[in-house]
Amino acid sequence: MEFEEMQKVWDKQSNEMLFVINENALHKRVKAKKKQANRIVNVTEIGLMIINTATAGILLADAIIDNEGPYDYAGVGIMLLTVVYLLFIRKKRKNQEDKFDRSILGELEHAISNTQSTIQIGKTMIYWYLLPIGIYIIINMIHNEASLSKWLLVAGAFILGNFLGNWEIRNCHIPRKRHLERLREKLME
Amino acid sequence: MKESEQQKIFKSWLDQHRGLLFKVLRAYAFTQEDREDLFQEISAQVWRSIPNFRQESAVTTWLYRIALNIAISWSTKEHKKVEPQSIDGMEHLISEKDTPTDERLTWLYAEIKKMNEVDKSLTLLLLDGFSYKEMSDMLGIKESNVGVKIHRIKKELIKKSEKYEYDGV
């Protein structure tokens, strides 16, 4: 079959409607989708910032009440730094939204950048959230001479948290980013 | 832009260009659930894009660009099975008509299905008669690069069609 003939076969389908659209259902879902997309991004970013600020507040209150030393304040400082870092990532993501052109390559670059942001937030959660909280809890446990079972429980929770966080990054976000990068390479080659 | 106005444009685009969207669905999604999911994603993006449409490009070019962008990005995601009860009491967005189709068209789609996401896009645009310049603008790559890819795709399709006509596979 010559290519011109393929095009004729292709053109014929434009006049045949192979699917029927349920317009009412579509309208409802499009409106719901519009609201959902903005909500998900805001809940993730703003939610994390609120949680971290609240945690910093609790640590600060604890430090003032107990008045036991500078390490309590260090925990507060680290938590507030994570909020600043999350704000920075959010601002960077928002600034980049208008930077990408509207071609497929531009959209791919945008998707890669968004996935990179998700990976960064995930790593932030693991290293800059789990770690300071972990250090803070360990210091408190040493101070309160915690039992062996408590040590095992806390250690297990941290190992599990760390494992699940890394697992999500390794198995969901990094493969997606690699796939998008391969697509970009295919487009450019 | 008022929502009623946006809705009017959305409806007229769907009425006039639904064939284009169905081609993308057939090339990128292969089950009823996946087609519904992809159709929903594309429709949502088309709806969002309406206030940004400045008539600098034709509606078909605009819609193709959106549909292909979403389809490529959708293909890279892992899809969760959607609970049917959660969607408007099991209302389907699209349903397939029981119309006889040209066997050669079925073969053509089967070949497109085997291609990678980028080649699929180029093949759809090529078959719909877009120029290299338009394809280059839509994809964001050089015209010469489009030319090289198109040459390879055409050559492979013609070679496979010879086998199809000869062996029926």
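Residues are numbered from 1 along each chain as its sequence is written, and chains are lettered from A and ligands numbered from 1 in the order in which they are written. Because the model is predicted, local features need pLDDT of at least 70 and side-chain atom pairs count only at pLDDT 80 or more, while totals for chains, interfaces and linings use all residues.

Helices (H or I, at least four residues) and strands (E, at least two) are DSSP runs, numbered from the N terminus. Chain A holds five helices and one strand, arranged from the N terminus on as α-β-α-α-α-α. In chain B, seven helices and one strand were assigned, in the sequence order α-α-α-β-α-α-α-α.

A residue is termed buried if 20 or more other C-beta atoms lie within 10 Å of its own, exposed if 12 or fewer, and partly exposed in between, with C-beta atoms placed from the backbone. Chain A has 189 residues, of which 16% are buried; for the 169 residues of chain B the share is 34%. Two residues are in contact if their C-beta atoms, placed from the backbone, lie within 7 Å. Of the contacts in chain A between residues at least 6 apart in sequence, 75% join residues at least 24 apart. In chain B, 70% of the contacts with a separation of 6 or more fall to residues 24 or more positions apart.

The contact between the chains involves 39 residues from chain A and 44 residues from chain B. Among the elements of chain B that each supply at least two residues to this side are helix H1 (3-28), strand S1 (94-96) and helix H7 (143-167). By class, the side of chain B that touches chain A comprises 17 nonpolar, 13 polar and 14 charged residues (Ala, Val, Leu, Ile, Met, Phe, Trp, Tyr, Cys and Pro count as nonpolar, Asp, Glu, Lys and Arg as charged, and the others, Gly among them, as polar). Strand S1 (residues 19-21) of chain A pairs with S1(B) in the antiparallel sense over three bridges, pairing requiring at least two bridges found by DSSP. Within this pair, Val20(A) has Ser95(B) as its bridge partner.

A nonpolar core is a set of buried Ala, Val, Leu, Ile, Met, Phe, Trp, Tyr and Cys residues joined through C-beta atoms within 7 Å. In the largest core, of 50 residues, Val24(B) and Ala67(B) touch the most other members. H3(B) contributes the most to this core, with nine residues. Beyond its neighbours within four places in sequence, Ala67(B) contacts Leu20(B), Leu21(B), Val24(B) and Ile42(B). A second, separate core has five residues, including Ala56(A), Val76(A), Met79(A) and Tyr136(A).
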